[in-house]
Amino acid sequence: MSAAGGGAVHAAVDLGASSGRVIAGRVEDGRLRTEEVARFPNGPVTVPAGSRAGLHWDVLSLYAGVVEGLRRAAGPHGLASVGVDSWAVDYGLLDADGALLGNPVHYRDGRTDGVPERVFAHLPAERMYAVNGLQVQPFNTVFQLAAASGGAQLAAARDLLLVPDLLGYWLTGERVAELTNASTTGLVDVRERRWADACLDLLETGFGVAARDLLPGLVEPGTVVGALRRGPEPGAGLGAAAGAPLVAVGSHDTASAVVAVPAATRRFAYVSSGTWSLVGVELDAPVRTEASRAANFTNELGVDGTVRYLRNVAGLWLLQESLRTWRERGREVDLADLLARTARVPALSCVVDVDDPRFLPPGDMPARIAAFAAETGQRPPEGDAEVARCVVDSLALAYRRAVRQAAELSGTDVEVVHVVGGGSRNALLCQLTADAVGLEVVAGPAEGAAVGNLLVQARAVGAVEGGLADLRRIVADSTEVGRYRPSGPRTPWEAAERLLHG
């Protein structure tokens, strides 16, 4: 795709937990055309020894993939804009010279085990929730920083940048914190949309972490951060992409994915389905009630002043780890064939709580599923198809619970569930979600984060106009969606939910 073929070309850098990609996009006649121009692997790297042993991200390899992808997207004619989105919470530390102090620690690393309880001894959970409105996850940045306190790396740091902002700094030389991703750290006042003094004071007084000195200024999505740098360093290899404006999009990939929900009204729930599933509704203001905290719902900030009221659900990670485990044992399992066989397994034969902490780290997922089943009086799944059926049934059950609670706790009237992201391609999971929730499921676009990324940057540079409704109209006109209507009785799903949650 190039500017020679029509309108201006925008490039979305979309980084996921298993791969990164650069997708070029162009808006013509009210429709968005996209093309994947580069894809590169991503994943945890285990450091076996030393004071910082554990799981890390190979962010330098990611940056190399980003640069090559932007060069391809630009071709000979250049780019109208660039935007970067990624997963949340993880960060890089820079020294006084602006150099990276080691690869970012992976959120699945075990260094935060038990840390939330230590933090709440200084700032009780209910008081923290009243400020940041955030679901308690052990990997939230506030807990990562508490875990890192006293270390030489943090002591030497002068700046902290979340992953998409770190890549943006290397591309432009500008240091900012984009708000949608910053809101996942636990360090943002979700009502005021600024850094939260109470949480920063907690880190300083309780753990000796001067986070206030490390964090850059916050910017809203749609802000033009700067131009991609020219010259041999660090813009070598950018080619004609050098000089393009970098736009701070919804840099938390879910924030961009929610922009890409092709909804005609606000009466929808969404499932951003990938390695993680984020299930919730879009609001104008956060919900910080005690009932919301007890249900472990989060208020993450969205594009155009919105709030993403949601719960993190473990997602397709359980299936991905199962496939990896079988592969390590010498069994290559074709996913399409597996899902075909999975559809023939009786429904709800076995279910697990996908958010149980045992399923968070890498490891032998089929064995963990079997152990959970035995502990709850169920027959453990046998064979790959039964394991996969357990995973998709359990995900649909988790979606049911999250959608219903989100609607109830926020007072939202939900009429339809939109599934965006890679999980929208999984027809079995989409149908099971419709059956479990009892509402129509609309599936697509599959590259939801990249689509939302592209449209926010296109609007920022004047290629499109309007609010979220206008952007979503472009998505709807550009996307062939799948539709799944509920079938069968609700009773088996109700029984499965009682088994797991009483």
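View 1. Pro445 sits in the loop that runs between strand S20 (441-443) and helix H17 (448-460); helices (H or I, at least four residues) and strands (E, at least two) are DSSP runs, numbered from the N terminus. The peptide bond joining Gly444 and Pro445 is cis, with omega at about 5 degrees. A note for all the views: this is a predicted model, where local features need pLDDT of at least 70 and side-chain atom pairs count only at pLDDT 80 or more, while totals for chains, interfaces and linings use all residues. Residues are numbered from 1 along each chain as its sequence is written, and side-chain values use heavy atoms, with hydrogens and water left out.

View 2. The domain assignment, which is automatic or from a database, gives domain 1 (13-248) and domain 2 (252-444 + 481-501). Their centres, taken over C-alpha atoms, are 26 Å apart. Here 33 residues of domain 1 are in contact with 30 residues of domain 2, contact meaning heavy atoms within 4.5 Å. Together the two domains bury about 2500 Å², with 55% of that on carbon and sulfur atoms; buried area is the accessible area (1.4 Å probe) that two parts lose on being put together, summed over both. On the domain 1 side, Arg108, Tyr129 and Gln135 lose the most area to domain 2, together 30% of what that side buries.

**View 3. Elements on the domain 1 side.** Between the domains there are 16 residue pairs in polar contact (both at pLDDT 80 or more); such a contact is a pair of N or O atoms within 3.5 Å, where within protein one must be able to donate a hydrogen and the other to accept it, and residues adjacent in sequence count only if both atoms are side-chain atoms. Strand S1 (10-15), helix H3 (125-132) and helix H7 (179-182) each give two or more residues to the side of domain 1 that touches domain 2. H3 supplies the largest share, five residues.

**View 4. Two loop residues with positive phi.** Take a look at Arg193, in the loop between strand S10 (188-189) and strand S11 (194-195): its phi is near 55 degrees, a positive value in a residue other than glycine. Asp304, also not a glycine, has a positive phi of about 60 degrees. Asp304 belongs to the loop between strand S17 (298-301) and strand S18 (307-313).
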